[in-house]
Amino acid sequence: MTDAGPLFVSSGDLVSDRRYKAAVELAARGDFAAAADVLTQTVEAAPGFATAWFALGAIRDRLGDRDAAVAAFRAASDARRYRR
């Protein structure tokens with residue numbers, strides 16, 4: 001992930017956007033478990049935040065949790081359903 005993460009698009013919620021950015025910073029420092037925890041909280045609060053779902057999938061893959069990574073990537077694809 002780059003320092004901004006994958007293509008960033010706002011969730012429309014300032015708190016969720018800040019959590020996403022914090023998770024990207026945690027991942028950049030190598031704390032993938034913490035980043036996954038923060039991203040999980042982010043997508044619970046903003047289920048239509050495809051960028052966060054994609055980042056969560058990438059981090060779960062990095063952690064070796066392939067099934068959870070696939071589920072997150074699918075949620076990223078499906079996130080358009082939650083758009084307001």
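**Exercise 1. Find out what share of the chain's residues count as buried, and what surface is left.**

Step one is the cut-off: buried means under 20% relative accessible area, exposed over 50%, and partly exposed in between (1.4 Å probe, protein chains only). With that in hand, 37% of the 84 residues of the chain count as buried.

Next, the surface. The chain exposes about 5,200 Å², and carbon and sulfur atoms supply 50% of that area. Areas like this come from the Shrake-Rupley method with a 1.4 Å probe; for residues, only the protein chains shown count as cover.

A word on the source: this is a predicted model, where local features need pLDDT of at least 70 and side-chain atom pairs count only at pLDDT 80 or more, while totals for chains, interfaces and linings use all residues. Residues are numbered from 1 along each chain as its sequence is written, and side-chain values use heavy atoms, leaving out hydrogens and water.

**Exercise 2. Describe the chain's helices and strands, then its contacts.**

Start by counting: the chain has four helices and zero strands. Here helices (H or I, at least four residues) and strands (E, at least two) are DSSP runs, numbered from the N terminus. Reading along the sequence gives α-α-α-α.

Now the contacts, meaning heavy atoms within 4.5 Å. Take those in the chain with a separation of 6 or more: residues 24 or more positions apart account for 41% of them.

**Exercise 3. Do the same for H4.**

The 13 residues of H4 should span 18 Å, and the end C-alpha atoms are 18 Å apart, which agrees. Its buried residues are Ala68, Ala69, Ala72, Ala75 and Ala76. Down the axis of H4 they fall within an arc of 120 degrees, so they line one face of the helix. On the other side, Asp67 and Arg74 are exposed. As for the cover over the buried residues of H4, it includes H3.

**Exercise 4. Sort out the largest nonpolar core.**

A nonpolar core is a set of buried Ala, Val, Leu, Ile, Met, Phe, Trp, Tyr and Cys residues joined through side-chain atoms within 4.5 Å. The largest one has 22 residues, of which Tyr20, Ala35, Leu39, Ala52, Trp53, Leu56 and Ile59 touch the most other members. H1, H2, H3 and H4 each give two or more residues to this core, and H2 has the largest share with six.

Zoom in on Leu56: leaving aside residues up to four places away in sequence, Leu56 touches Ala36, Leu39, Thr40, Val43 and Ala72.

**Exercise 5. Is Ser16 buried or exposed?**

Locate the residue first: Ser16 is in helix H1. Its relative accessible area is 0%, so Ser16 is buried. Not counting residues up to four places away in sequence, Ser16 touches Ser11, Thr42, Ala45, Ala46 and Phe49.

Technical notes: Expected span 1.5 Å × (residues − 1). Arc of directions from axis to C-beta.
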